[in-house]
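Here's a quick tour for anyone meeting this structure for the first time. Have a look around it, then read on.

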Amino acid sequence: MSISADFSLHTTTVGDTGSTVVFLHGLFGQGKNFTQIAKGLTPDHQSLLVDLPNHGRSDWTEELDYREMADLVAEELRAGVAADQPVHLVGHSMGGKVAMVLALRHPELIDRLVVVDIAPVATGGSMGQFEHLLGSLAELDLTQISSRGEADEQLQENIADPMIRGFLLQSLVRRDGGFGWLSNLDLLRAELDVIGGFPDLTDTQFTGPVLWVAGADSDYITEEHRSPMRTLFPQTHLLRINDAGHWVHADQPEVFTSVLRHFFAHQD
């Protein structure tokens, strides 16, 4: 894939003291989804919230590739917060896959890695949920929308959960007198198989400390995933957070923040 030299990743910094934690969001998300967690880590840590390619305020690409996304984030870190010392990296879902690939390809940039509710394997059947969500958004006629409230109302039939609708509609913005999407929905829908997959990186390892955080009510991580995780990340520890589904940090923000604080403070 060819990426222009002036490709731009949008980032937001929270806090100005302590070691740096970099957050990578999941599909449909934005860096700002981790704002509450980042504020909870101050003053011991400052955080960099990244909008991944094709999401939020970052530029769009013509294709989607985990290696390319990881390399783009690595370039951003190497030129900025990781220029002088490695950073802690946290990635959720799709962002967790980007984080794993980044740690494997650019281990010198990463001190500790946190992978949230995803494994280094093909995600499989769960992508059907995202196909449904993307299809529902594609059916929304933005030329007939005069407010985000109207968009929410039109989505209710296909997406019953108001929290999910609210999450998706974060990407709906006013543009050129009407509305448009921050996320590159056409590409994301076309590349769902890639998003659900994971590149073959079996000849590499990240030997630093890795915390693997799962939602106890989520089925994204199973016992059969332990082996491929440990093959790539031999210093992996799995923690399940009760009363949390796939969006662990949103379901249990205080517990999640406490877990990060403990992991980043612990010295092996």
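## A helix to start with

The expected span of a helix is 1.5 Å times one less than its number of residues. Now take helix α2, residues 66-79: with 14 residues, α2 reaches 20 Å from its first C-alpha to its last, close to the 20 Å expected at 1.5 Å a residue. Keep in mind that this is a predicted model.

Which residues of α2 are buried? They are Tyr66, Met69, Ala70, Asp71, Leu72, Val73, Ala74 and Leu77. These buried residues pack against strands β2, β3 (45-50) and β4, and also against helices α3 and α8 (192-196).

## The sheet

Next comes an open sheet of seven strands, in the order β1-β3-β2-β4-β5-β8-β9, and its pairing is mixed. β1 (11-14) and β9 (236-241) stand at the edges with a single partner strand each, so one side of each has no neighbour in the sheet. On average, neighbouring strands here are turned by 20° against each other, direction ignored.

Let's zoom in on two pairs. Strand β4 (residues 87-92) pairs with strand β5 (residues 110-116) in the parallel sense, over five bridges; Val90 has Val114 in β5 as its bridge partner. Further along, β8 (residues 210-215) and β9 also run parallel, joined by six bridges, and Gly215 has Ile241 in β9 as its bridge partner. To get from β8 to β9, the chain passes through helix α9 (residues 226-232), and this β-α-β crossover is right-handed.

## A helix across the strands

Helix α3 (residues 94-105) lies across β2 (19-24), β4 and β5. Its direction is about 145° to that of β4.

## What's packed inside

In soluble globular proteins, nonpolar side chains tend to be buried together. In this model, the largest nonpolar core has 66 residues, and those with the most contacts inside it are Leu24, Ile110, Leu113, Ile195 and Phe233. Which helix gives the most to this core? That's α3, with eight residues.

Leu113 is worth a click. Leaving out residues up to four places away in sequence, Leu113 touches Leu89, Ala99, Met100, Ala103, Phe206, Pro209, Val210, Leu211, Phe233 and Phe263. There's also a second, separate core of 21 residues, which includes Phe23, Leu41, Val90 and Val116.

How values were computed
Residues numbered from 1 in each chain as written. Predicted model: local features only at pLDDT ≥ 70, side-chain atom pairs only at ≥ 80, totals over all residues. Heavy atoms only, no water. Pairing = 2+ DSSP bridges. Helix = DSSP H or I, 4+ residues; strand = E, 2+ residues; numbered from the N terminus. Axes fitted to C-alpha atoms, helices over the stretch in contact; angles between N-to-C directions. Contact = heavy atoms within 4.5 Å. Core = buried A, V, L, I, M, F, W, Y, C linked by side-chain atoms within 4.5 Å. Buried < 20%, exposed > 50% of the residue type's maximum accessible area, 1.4 Å probe, protein only. Right-handed = clockwise from strand over helix to strand, strands pointing away.
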